[in-house]
Amino acid sequence: MTFQTIVFYVFASTLIISALVVITARNPVHAALFLVLSFCSAAALWLLLYAEFLALTLILVYVGAVMVLFLFVVMMLDINFDKLREGFWRYLPVAATVAILMVVQMVLLLFDRSMRLVGAVSPGAPAAGVSNTKELGRVLYTDYLLAFELAAVILLVAIVAAIALTLRGRKEVKTQIVGDQVRVKSSDRLKIISMAAEKDEPPSPVPPPAA
C-alpha cells in the first residue's frame, strides 16, 4: 500500500464520517462546521486526482463564501430547529432508499469491463507544462459549451425570480428616489424672505434705591 493510497483512505473516511455528522447533528452550527470539514476533505481528494483548480474552487467558493454566509444566517435568525427535525426519523426510510440508489448509480458509472473500478487506477501526474485550468476551460468551452450556457441562463433566471419574490415595498420604510433628487431645483429647497432690519431698543433706566 502506497502513501497516496493511505492518504486517500484517510480523507475518504473523514469525508464520510463528517457527512454523516452533518445530517445527524442537532446543533446547526456544528452541522455547518462539519460540512466545512467535508468540503476540505473533498478538496484534498481532488488534489490527489491532480485537479487543483476544482480543489481551490471548492475551498474558495463553498468554504470561503457559502458556508460563512450560512453560519451568519444561522446565528442571526432565531429558528426553532427542533420543530424542523421532528419528521427526521419518519422520512429516514425514504432518504435511505434514495441514498442507496445514488450509490448504486455511482458504482455503475465507475464500473468498467476491463477493470474493476476506473477510479481505482491513479491518473498519474500530468506532463510538464500542462495546465489543469487551461485544459478544463478548453473542454468546458468546446465540448460542453451548450450545457454551460444553459446552466448560466437557468442561474440568471433563478436570481431574477428570487429577487422578484423577495422584493416587497413597505410604506413605513423611507427610501431615496434618485429621479426626484436629480430634478430638484434650488427654489424648492431654499426660500429667501426679505425682512426689515430690527433696531435694538435702549435699556430702561434703573430707578435709584429708596433712602
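**A walk through the model**

Select Asp180 to begin: at 39% relative accessibility, this residue counts as partly exposed. The model in the viewer is a predicted one. Arg183 counts as exposed, at 61% relative accessibility.

How many salt bridges does a search of the whole structure find? It finds two. For the other, select Glu135 and Arg138, where the closest N and O atoms are 3.1 Å apart. These two residues are three apart in helix α6 (residues 132-140), so about one helical turn separates them. Glu135 is partly exposed at 32% relative accessibility, and Arg138 is also partly exposed, at 45%.

Next, turn to the aromatic rings. The count comes to three aromatic pairs. Select Phe39 and Tyr62: their ring centres are 5.4 Å apart and their planes meet at 50°, so this pair is tilted. Phe39 belongs to helix α2 (residues 28-48) and Tyr62 to helix α3 (residues 52-76), so the pair ties together parts that are 23 residues apart in sequence. Are the two residues buried or exposed? Phe39 is buried, with a relative accessible area of 18%, while Tyr62 counts as partly exposed at 40%.

Move on to Tyr141 and Phe148. Here the ring centres lie 5.1 Å apart with planes at 70°, so the pair is edge-to-face. Tyr141 has 48% relative accessibility and counts as partly exposed; Phe148, at 34%, counts as partly exposed too.

Go back to Phe39 and select the residues grouped with it. Phe39 is part of the largest nonpolar core, which has 10 residues in all: Ala32, Val36, Phe39, Ala42, Ala43, Ala55, Leu58, Val63, Met67 and Leu71. Helices α2 and α3 each supply at least two residues of this core. In soluble globular proteins, nonpolar side chains tend to be buried together.

Select Val68, Leu69, Phe72, Val73, Met76 and Leu77, which form a nonpolar patch with about 610 Å² of accessible area together. Phe72, one of these residues, is found in helix α3. At 51% relative accessibility, Phe72 counts as exposed, because the cut-off for exposed is over 50%.

Methods:
Residues numbered from 1 in each chain as written. Predicted model: local features only at pLDDT ≥ 70, side-chain atom pairs only at ≥ 80, totals over all residues. Heavy atoms only, no water. Phe/Tyr/Trp six-rings, centres within 6.5 Å; stacked < 30°, edge-to-face > 60°. Helix = DSSP H or I, 4+ residues; strand = E, 2+ residues; numbered from the N terminus. Buried < 20%, exposed > 50% of the residue type's maximum accessible area, 1.4 Å probe, protein only. Core = buried A, V, L, I, M, F, W, Y, C linked by side-chain atoms within 4.5 Å. Patch = residues over 30% accessible without salt bridge, like charges linked within 9 Å, V, L, I, M, F, W, Y side chains within 5 Å. Areas by Shrake-Rupley, 256 points an atom, 1.4 Å probe, with all protein chains shown as cover. Salt bridge = Lys/Arg side-chain N within 4 Å of Asp/Glu carboxyl O.
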